[in-house]
Structure formats: C-alpha cells, structure tokens
Amino acid sequence: MTAPAEGTSLRIGIIGPTRIGKTTLVNTLLRAGETAFEQTDVRMRWADHMTERKILEQRAELEGWRLSKQFNPGALRGTDDAFVFRFVLETGFGGLSMRLDAMDYPGGLVNPAHRLGREAEWEECRAFIANSTVLVVPADAAMLMETAGDENRHHLPAILTTPEIEDVARDWARNRHQHRHEPALAIVCPVRTESYFADNGGRRDRSDELLEHVREVYRDVLKVIRAEAPATRIHYCPVDTVGPVEFLSARWLPDVAGGHPHFSAKYRVRRRPDGHPPEISTAGIDDVLVLLARHLIDLRHRELDVTARHHRTSANDWAAQAVQDLGAMRNVWNTVSGKRRKARRMAEAKRLEAVSAEEQVSGLAGQLLRLAELGLGPRHREL
Ligand SMILES: Nc1nc2c(ncn2[C@@H]2O[C@H](COP(=O)(O)OP(=O)(O)OP(=O)(O)O)[C@@H](O)[C@H]2O)c(=O)[nH]1
Ligand SMILES: [Mg+2]
C-alpha cells in the first residue's frame, strides 16, 4: 500500500506547460472543496499558512477582476518557484482526515529549452509527479479548438509540451503499475472551456468537438498510460475556472528568440442578462473533486481494512492462546504464571483495536457510497 501512514501525505501530480492553468486549477479545486459535498461532510481545506497565503493571493486577483469588471484570462501572474500546496481532505467520518499535497511549479520547467540552470528544480518536480497517487493533466481548450484547420497547428506539441508530458506520464504509470493492487487515477482537465459548453452562460455546445481534439492531441499521453498501467481509470473533466468569458479571437505572435510562434487568445466578458456585473462562475470542478475524494477515501478504506483484519486475526490468536488445552500440568502452569491472563488481556486489547478499525472501515464505506450517489456531472467522460 502506498496509502500513507499517519503524518504522511498523498500526492497529486499536475503536469503541464507554462500558462496552461495549473495554479488556477489547484485554487479552483480548493475553493470548490470548502463548500462541496454538503450531504457527505467531506471537505477539502488548506493545511498550512503558506498554502492559505497562495490561495488568498489568487483569490484577491480574481476579486480584483470582479470589482474592476475587467476579466482578463491571461492576466494572472505565472508561478516563479516550485511550491507544494498542502491540503487536508476531511473524510466526513469520525474526524478522520487525510493530508494531500499538490506540487505547483513554473510550467516553463517542463520544456528543456526553458529550464537551463534549473534542472535540479525540475528533477524534484518530476520525481514528485512520478510518485503521485493521482495524475492531473490540464489542457487548453481554446488552443485545441481554435487552431483546428490552422497551418500553425503543427506547433501544438511544442507549445503544449505533449512529448514531455508523455515522458512524465510514463514514469507515473510505471510507478502505479508497481502498486497495481491499488486503483490508479488519471484526470485530463481541459480548462478555458467557457466557449464550448452551453451550461455556464455559453451559447453553443461544442463539447463533442473538444473531446475529439483532446483525444487527438493527447493521443500518445493516453496511450502510454494505458500501455504502462492498464488498470488506470482515465477520466475527462472539462473545467471553467472563470465563467463569464467568451473566446473572441486569436493570433499567432512570433517568438523574439526565433522559437515557435505563440498562440495568443482574446476573450470578451459576457454581460449578465440583468445588466449586473459578471461573477466568477466555475463549472466542472466538482467532478474533479468527487473523483479525488472517492479515490483517496477508497485508498484509506482499503488500508484500514487490512489493518482491521490484522487486528481481528491477532485478537483471535490471543483468545485461542488464553483457552488452549496444553495438558493438565502446563495448563496449571500457564494459569499460575499469568500467561493465560496476559493472553486474555491481549485478546481484549486487539479486539478493541479491531472494533475501532472496523467502525472506521464501515464509516468510510458509507462515505464512499454517498460520494458514488452524488454522481458525476454531464461534462464528465471516461476516456
Ligand atoms: N477563461 C479562463 N481562463 C483560465 C482558465 N484557467 C486558467 N485561466 C487563465 O490562464 C492564465 C494562466 O493560468 P495559470 O493557472 O497561471 O497557469 P500556470 O499553468 O500555473 O502557469 P505557470 O505558472 O506559468 O506554469 C491565468 O491568467 C488564468 O486566469 C479557465 O478555465 N478559463
Ligand atoms: Mg502557475
């Protein structure tokens, strides 16, 4: 089991190039985690002050957009240094919680041409991702959709760093395959999907097209996960992290250093029909949250089940020793020397430990059932 002992953390590995939306996704996840799952009491919250600070910084930027009515989906600052977001997932049962870490880093590190002098930093991030329980791959929906039929589309693998993502996904999948008794979870998350769904203020539903583009552009990433860890469940969860914005136009900007051109998209703000200022309105993020919560609680459930069985066997063994018939002489000796008393005491202690672990196992099973009943939204697919 790689599910952690007390005090250690489960990991979420996010792999994607610069400006794809990694930091925004982590922030959106936490914001959703604070309020989602009302029926289950499952919650996700920050676990340390540095994480709280990062989350509040991005929230302040988003609030600034709201107040100035200037939504600018390219304007949030990029990440300068690798940073581990630390979360707590409260299972909603008996005060049982799990620690969760997600590594965020400047996406420029993924591209070998942009990481000169920062190789050690990247190796650390790469190792974190490879050893993660869950792999998350954000994808830029606007870039996938708006470059279809464009002569510059052949730059997508270089811009989206899909070959580098494939390498990291291979390491992750090999690692998961070594723990194949555990379920393995990968989530592909297209972001900037506001213009391609009609469920969050958008006018047109182009979700089928988006799915096809993701399958096409990330084909080799999906292939390598399936080849190296065939039991992995690969989920597809498109997410709007902003909401009231609409793709307007895009152009290709030449690279000053002579590299591939850059895709630059413009968005307009959707006004609300009642004339009020637009509000941030996320969509699709609850699916990611439900999948993560189910997966992680499932891991803890399995781990506790093993512990409960172990305590139960041990309790039975001690109980058997307490009444074992070893012949008249040794029976008397074991009673006089206190051996039988000790065996009875141990049997009782182990029985209590088994009962407590069994209660937790059945409590978590109940939570898993409730999470399953919550279901997943209409945006979700399994790949
Ligand atoms: N409209 C819209 N904009 C998004 C979405 N997700 C991210 N963005 C914007 O895309 C820009 C880049 O997002 P980041 O989260 O900073 O990207 P990153 O992958 O962390 O980038 P680096 O830190 O450079 O690696 C930000 O200005 C976000 O506001 C989305 O779902 N919808
Ligand atoms: Mg970032």
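**Exercise 1. Which residue with a positive phi follows helix 1?**

Solution. This is a predicted model, so treat the angles as computed values.
- Step 1: go past the end of helix 1, and you reach Phe37, with a positive phi near 55°.
- Step 2: keep the background in mind. Most residues other than glycine have a negative phi.
- Step 3: look for other cases. Arg19 has a phi near 65°, again positive in a residue that isn't glycine. Thr161, not a glycine either, has a positive phi of about 50°.

**Exercise 2. Check the span of helix 1 against its residue count, then find out how enclosed helix 1 is.**

Solution. 
- Step 1: helix 1 has 14 residues, and at 1.5 Å a residue they should span 20 Å.
- Step 2: the end C-alpha atoms are 21 Å apart, which agrees with that expectation.
- Step 3: for burial, go through the residues. Lys22, Thr23, Thr24, Leu25, Val26, Asn27, Thr28, Leu29, Leu30, Ala32 and Gly33 come out as buried.
- Step 4: that is 11 of the 14 residues, so helix 1 is largely enclosed by the rest of the structure.

**Exercise 3. Describe how helix 1 packs against helix 9.**

Solution. 
- Step 1: take helix 1 as residues 22–35 and helix 9 as residues 285–323; their axes come within 9 Å and cross at roughly 75°.
- Step 2: list the partners. Helix 1 brings Thr28, Leu29, Ala32 and Gly33, which meet Ile285, Asp286, Val288 and Leu289 of helix 9.
- Step 3: sort the contact residues by class, and you get 5 nonpolar, 2 polar and 1 charged.
- Step 4: recall the helix geometry. An α-helix has 3.6 residues a turn, so residues three or four places apart point the same way.

**Exercise 4. What surrounds ligand 1?**

Solution. 
- Step 1: the shell holds 24 residues, with Gly21, Thr24, Gly78, Thr79 and Gly107 the closest.
- Step 2: ask which element gives the largest share. Helix 1 does, with 3 residues.

**Exercise 5. Compare sequence separation with spatial distance for Leu10 and Ile280.**

Solution. 
- Step 1: Leu10 lies in strand 1 (residues 9–14). With 22 C-beta neighbours inside 10 Å, Leu10 counts as buried.
- Step 2: pair Leu10 with Arg86. They are 76 residues apart in sequence, yet 10.0 Å apart in space, C-alpha to C-alpha.
- Step 3: Ile280 lies in the loop between strand 9 (262–269) and helix 9. Ile280 has 18 C-beta neighbours inside 10 Å, so Ile280 is partly exposed.
- Step 4: pair Ile280 with Thr241. Here 39 residues of sequence go with 7.8 Å between the C-alpha atoms.
- Step 5: zoom out to the protein chain. Among contacts between residues at least 6 apart in sequence, 80% join residues at least 24 apart.

**Exercise 6. How many helices and strands does the protein chain have?**

Solution. 
- Step 1: count 11 helices and 10 strands.
- Step 2: box the C-alpha atoms along the principal axes, giving roughly 95 × 45 × 35 Å.
- Step 3: Of the 383 residues, 39% are buried.

Terms used. Residues are numbered from 1 along each chain as its sequence is written. Chains are lettered from A and ligands numbered from 1 in the order in which they are written. This is a predicted model: local features need pLDDT of at least 70, side-chain atom pairs count only at pLDDT 80 or more; totals for chains, interfaces and linings use all residues. Axes are lines fitted to C-alpha atoms, for helices over the stretch in contact, and angles run from 0 to 180 degrees between N-to-C directions. Helices (H or I, at least four residues) and strands (E, at least two) are DSSP runs, numbered from the N terminus. Two residues are in contact if their C-beta atoms, placed from the backbone, lie within 7 Å. Ala, Val, Leu, Ile, Met, Phe, Trp, Tyr, Cys and Pro count as nonpolar, Asp, Glu, Lys and Arg as charged, and the others, Gly among them, as polar. The expected span of a helix is 1.5 Å times one less than its number of residues. A residue is buried if 20 or more other C-beta atoms lie within 10 Å of its own, exposed if 12 or fewer, and partly exposed in between; C-beta atoms are placed from the backbone. A residue is near a molecule or strand if its C-beta atom, placed from the backbone, lies within 6 Å of it.
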